[in-house]
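Q: Hi! I have a structure open here and would like to talk it through with you. Could you take a look with me?

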2 protein chains.
Amino acid sequence: MLTDDSQVKTGLKPLKVDQILLAAEVEFAERGFEGAGMKGIAKRGDVSQALLHYHFGTKDKLYAEVIAQRSKKINEERLGLLAQVDLTSKTALSGILNALFRPPLGPSGGARSYARIFSGLIVGRERDQALVKEHYDPTAQKFIESIRIVLGHDDRVVAAQSYTLALGALIAVIARDGRVERLMGESRQKQDIEEILEQLIKFSTGGVLALAAA
Amino acid sequence: MLTDDSQVKTGLKPLKVDQILLAAEVEFAERGFEGAGMKGIAKRGDVSQALLHYHFGTKDKLYAEVIAQRSKKINEERLGLLAQVDLTSKTALSGILNALFRPPLGPSGGARSYARIFSGLIVGRERDQALVKEHYDPTAQKFIESIRIVLGHDDRVVAAQSYTLALGALIAVIARDGRVERLMGESRQKQDIEEILEQLIKFSTGGVLALAAA
DNA sequence: ATTTGTTGACTGATCGATCAGTCAGGATTT
DNA sequence: AAATCCTGACTGATCGATCAGTCAACAAAT
């Protein structure tokens, strides 16, 4: 079955399914959907190639399963953080953006690998767009609604635009990965994730407020 | 030869080379580098597959040539607009960002197709990163320097971060393409490009200023 | 208690299709 | 006629997917 949860008793059965999903995540992150190969995934997961098809059917379904599992965790964490934000507070907007940005960057919401997949999803073609629509849009709606409330607007246009643009900034940060260092002349150290997050929130908060201003 | 500039005299030789480059641009935009096929490009350009190899050698070189030609035009246009910006003006930052955003979005700097390639480049893997470094980094440096001057900072760290994050917002807009409509419930019409540009500049200006504030 | 079904997990071998790339030679231009 | 442009036919490699079949585990029947 490809319906996960195979451990009912001990909870300690790192079935090969998990090896495959992990291997697939890394492979898809490094080479993209088209670039990744079932053979490479199988080798990385130390299983036969046929097993991938046995458990997941097709390459598309394997890919979809990777996104489904990771996005579930990220969405849960996002909504959890969002629920803690006091929408009447002065720092509400920063709080919302923190809830939006932190999970995809943190080790909890996914390995470093998935961040690449995540950014690829958003700029992706039809296949990716369908997955985004299924797994990310519902949560997106709630974030947009929260932004709308904080901005005190009636319609959601500006809020939706804010969401999109802020997400773009997040993608840039994920894709960067050494690019900022290159552009500044290799002197800088790797930035701490909290520092990055802070800058991201600063930038996006300023952007949203500027966009919302009449 | 794959060394470009085949028109030395008349400049009017719509050789099959151009058909190929155009077809390749569309194909790469729609399917990505790995997803695109030489066969498909040949068919789209109405030439034999062998001709692609005759003119460009390999798929990699064809891809690189597409990026090289488009990026050249975009960079020229960008630097042209940047040169017109008065860095002491109050609207200097908006002017810089306008110079950064407009060319990749406009029909001049590339068809709608190339915009997809452009956004893919930035989130891309090693191959794309190398191409970005070669074709976009030099111009990026000049934009970063301009931003630094306008912000009145000494080091370029904040300016470089601003550049990166602003570029992320641009990518989000390019990748959007109907996504905003989806998130708001298909009521909205397609936005005019000038309107989009204005919002993009608004957002990014606000973001940069917020980031630059102590 | 041992034999006999039945199942899920897994693999090696191999399928047809498609991939990028090659080459000899015809067609066109100069 | 010499160089350049261009193509049909082809190659080896690799792709995702399928297949028959092995193996351990558990249940049912004897």
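Predicted model: local features only at pLDDT ≥ 70, side-chain atom pairs only at ≥ 80, totals over all residues.

Q: How many residues of domain 1 of chain A are in contact with domain 2 of chain A?
A: Six residues of domain 1 of chain A are in contact with seven residues of domain 2 of chain A. Two residues are in contact if their C-beta atoms, placed from the backbone, lie within 7 Å. The residues on the domain 1 side divide into four nonpolar, one polar and one charged. Here Ala, Val, Leu, Ile, Met, Phe, Trp, Tyr, Cys and Pro count as nonpolar, Asp, Glu, Lys and Arg as charged, and the others, Gly among them, as polar.

Q: And where are the two domains of chain A?
A: Domain 1 covers 1-57 and domain 2 covers 70-213, with bounds from an automatic or database domain assignment.

Q: Thanks! How many helices and strands does chain A have?
A: Chain A has eleven helices and zero strands. These are DSSP runs, numbered from the N terminus: H or I with at least four residues for helices, E with at least two for strands.

Q: What share of chain A is buried?
A: Of its 214 residues, 43% count as buried, meaning that 20 or more other C-beta atoms lie within 10 Å of the residue's own, with C-beta atoms placed from the backbone.

Q: Switching to the pair: how many residues do chain A and chain B put into their contact?
A: Chain A gives 40 residues and chain B gives 41. On the chain A side, H9(A) has the largest share with twelve residues. By class, that side has 19 nonpolar, twelve polar and nine charged residues.

Q: What rotation superposes chain A on chain B?
A: A rotation of 180 degrees, with 0.0 Å of shift along its axis, and the RMSD is 0.1 Å. That is the relation of a two-fold axis. The superposition is by least squares on the C-alpha atoms of residues with pLDDT of at least 70 in both copies. Both copies use the same surface, as 98% of the contact residues of chain A recur in chain B.

Q: Which residues have the most contacts inside the largest nonpolar core?
A: A:Ala169, A:Ile171, B:Ala169 and B:Ile171, in a core of 116 residues. Such a core is a set of buried Ala, Val, Leu, Ile, Met, Phe, Trp, Tyr and Cys residues joined through C-beta atoms within 7 Å.

Q: What does B:Ile171 touch?
A: Not counting residues up to four places away in sequence, its partners include A:Ile171, A:Val123 and B:Ile122.

Technical notes: Residues numbered from 1 in each chain as written. Chains lettered and ligands numbered in written order. Buried ≥ 20, exposed ≤ 12 C-beta atoms within 10 Å, placed from the backbone.
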